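User: I am new to this structure and would like to go through it step by step. Could we look at it together?
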Amino acid sequence: MRIDAVSIFPQFFEVLDLSLIGRAQQQGLLSISRIDLRDYTEDKHRTVDSPPVGGGAGMVMKPEPWALALEEVLNQRAEQAAQRPTLIIPTPAGEVFTQSTAEQLAGHQHLVFAPGRFEGIDERLTDWAEEHFDVRRISIGDYVLNGGEAAVVVMVEAITRLIPGVVGNAESLTEESHSEGLLEYPVYTKPADWRGHTVPEVLLSGHHANIAQWRRDQQVQRTRKLRPDLWAKHVVAQQRAKE
Ligand code: ADE
């Protein structure tokens with residue numbers, strides 16, 4: 001998978017050189033380019049923003065540096081690339097990113113991220129980009145960040161760990177939270193008694209069927225208590241599967 005992340009703070013993405021994603025890049029499973037938006041400005045102050053037309057608070061990102069940076073990304077693509085690249089614009093005004101979004105995007109060959117700052121990017125950039133990219137506006141949750149860079153890091157981590165080979169233990173992908181719409185069960189390690197807090201008896205029994213049942217019950221209890229919204233979806237999905 002190829003990922004291009006364009007920003008006025010490209011250093012923000014240096015964290016993606018660490019740990020599993022860093023290793024995946026070294027192994028050639030993934031290539032991540034960080035692009036400085038200001039390299040595509042044409043004035044001496046390297047200006048990327050301007051006041052909103054029609055008035056209002058804050059500044060809006062000008063479309064031109066974005067278009068020039070994205071054109072360069074398009075020009076660097078392999079001639080034979082089959083799919084149009086997907087352009088992801090992180091914004092609190094987008095569709096909500098979920099595990100299922102991560103699963104869809106993990107199948108794409110080329111993702112480009114355009115995180116805005118200030119009040120966002122001039123809307124016409126999206127209109128222009130739709131001629132060249134599959135554009136998705138995505139929010140990582142119902143809260144407002146100072147810019148989209150942290151959202152890019154979150155999305156890249158959730159997407160790339162689904163690429164075969166990035167996470168060493170493939171089982172941990174299928175057993176984890178959200179893979180089937182339930183929260184994960186609690187986990188323990190040795191010692192069995194730690195400061196008076198003990199590991200549940202069943203986990204020490206060696207009885208695999210009972211352990212599996214206990215874990216399942218815990219998943220259900222946790223999901224019902226902490227995420228009634230997810231539980232309701234899970235119940236509906238199960239009913240549909242039976243029909
Ligand atoms: N930019 C600012 N807030 C955001 C959010 N919640 N998700 C994605 N991008 C953002």
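User: Where is Asp142 found?

Analyst: This is a predicted model. In it, Asp142 sits in the loop between strand 7 and helix 5.

User: Is Asp142 buried or exposed?

Analyst: Asp142 counts as exposed, because it has 7 C-beta neighbours inside 10 Å.

User: And Ile140, buried or exposed?

Analyst: Ile140 also belongs to the loop between strand 7 and helix 5. Ile140 is buried, because 22 other C-beta atoms lie within 10 Å and the cut-off for a buried residue is 20 or more.

User: What is Ile140 in contact with?

Analyst: Setting aside neighbours within four places in sequence, Ile140 is in contact with Phe97, Ala151, Val154 and Met155.

User: What does UniProt say about "binding site" positions?

Analyst: The UniProt record, an unreviewed entry, places the feature "binding site" at Gly116, Ile140, Gly141, Asp142, Tyr143, Val144 and Leu145.

User: Which residues are around the ligand in the model?

Analyst: The residues around the ligand are Pro90, Thr91, Pro92, Ser139, Ile140, Gly141, Tyr143, Val144, Leu145, Gly148 and Ala151.

User: How do they divide into nonpolar, polar and charged?

Analyst: The shell around the ligand has seven nonpolar residues, four polar ones and no charged ones.

User: Which strand gives the most to that shell?

Analyst: Strand 5, residues 86–96, gives the most, with three residues.

User: Changing topic: how many residues does the largest nonpolar core have?

Analyst: The largest nonpolar core has 40 residues. Those with the most contacts inside this core are Trp66, Leu87, Val112, Phe113, Ala114, Val152 and Met155.

User: Which elements supply at least two residues of this core?

Analyst: The helices that each supply at least two residues are helix 1 (19–26), helix 2 (63–75), helix 4 (123–129) and helix 5 (149–160). The strands that do so are strand 1 (2–7), strand 5, strand 6 (110–113) and strand 7 (134–139). Helix 5 gives the most to this core, with six residues.

User: What about Ala5, buried or exposed?

Analyst: Ala5 is found in strand 1. Ala5 counts as buried because it has 23 C-beta neighbours inside 10 Å.

User: Which residues does Ala5 touch?

Analyst: Not counting residues up to four places away in sequence, Ala5 touches Phe13, Ile32, Arg34, Ile35, Phe113 and Val152.

User: How is the whole protein divided?

Analyst: The protein is divided into domain 1 (2–161) and domain 2 (173–241). Taken over C-alpha atoms, the centres of the two domains are separated by 36 Å.

User: How many helices and strands does the protein have?

Analyst: The protein has eight helices and nine strands. Its C-alpha atoms fill a box of roughly 70 × 45 × 40 Å along the principal axes. Of the 243 residues, 23% are buried.

User: Where does His208 lie?

Analyst: His208 lies in helix 7, residues 208–226. His208 counts as exposed because it has 8 C-beta neighbours inside 10 Å. The C-alpha atoms of His208 and Arg2 are separated by 41 Å.

User: One last topic, the backbone. Which residues does a cis peptide bond join?

Analyst: A cis peptide bond joins Lys190 and Pro191, with omega about 0°. Pro191 lies in the loop between helix 6 (171–174) and strand 8 (193–194). Most peptide bonds are trans, and most residues other than glycine have a negative phi.

User: Which phi values are positive, for example at Ser19?

Analyst: Ser19 has a positive phi of about 55° although it is not a glycine. Ser19 lies in helix 1 and is exposed, because 10 other C-beta atoms lie within 10 Å. Arg46 has a positive phi near 55°. Arg46 is found in the loop between strand 2 (31–36) and strand 3 (49–50), and counts as partly exposed because it has 14 C-beta neighbours inside 10 Å.

Conventions. Residues are numbered from 1 along each chain as its sequence is written. This is a predicted model: local features need pLDDT of at least 70, side-chain atom pairs count only at pLDDT 80 or more; totals for chains, interfaces and linings use all residues. A residue is near a molecule or strand if its C-beta atom, placed from the backbone, lies within 6 Å of it. Helices (H or I, at least four residues) and strands (E, at least two) are DSSP runs, numbered from the N terminus. Ala, Val, Leu, Ile, Met, Phe, Trp, Tyr, Cys and Pro count as nonpolar, Asp, Glu, Lys and Arg as charged, and the others, Gly among them, as polar. Domain bounds come from an automatic or database domain assignment. A nonpolar core is a set of buried Ala, Val, Leu, Ile, Met, Phe, Trp, Tyr and Cys residues joined through C-beta atoms within 7 Å. A residue is buried if 20 or more other C-beta atoms lie within 10 Å of its own, exposed if 12 or fewer, and partly exposed in between; C-beta atoms are placed from the backbone. Two residues are in contact if their C-beta atoms, placed from the backbone, lie within 7 Å. UniProt positions are given in the numbering used here, feature names are shortened, and annotations may be inferred rather than shown by experiment.
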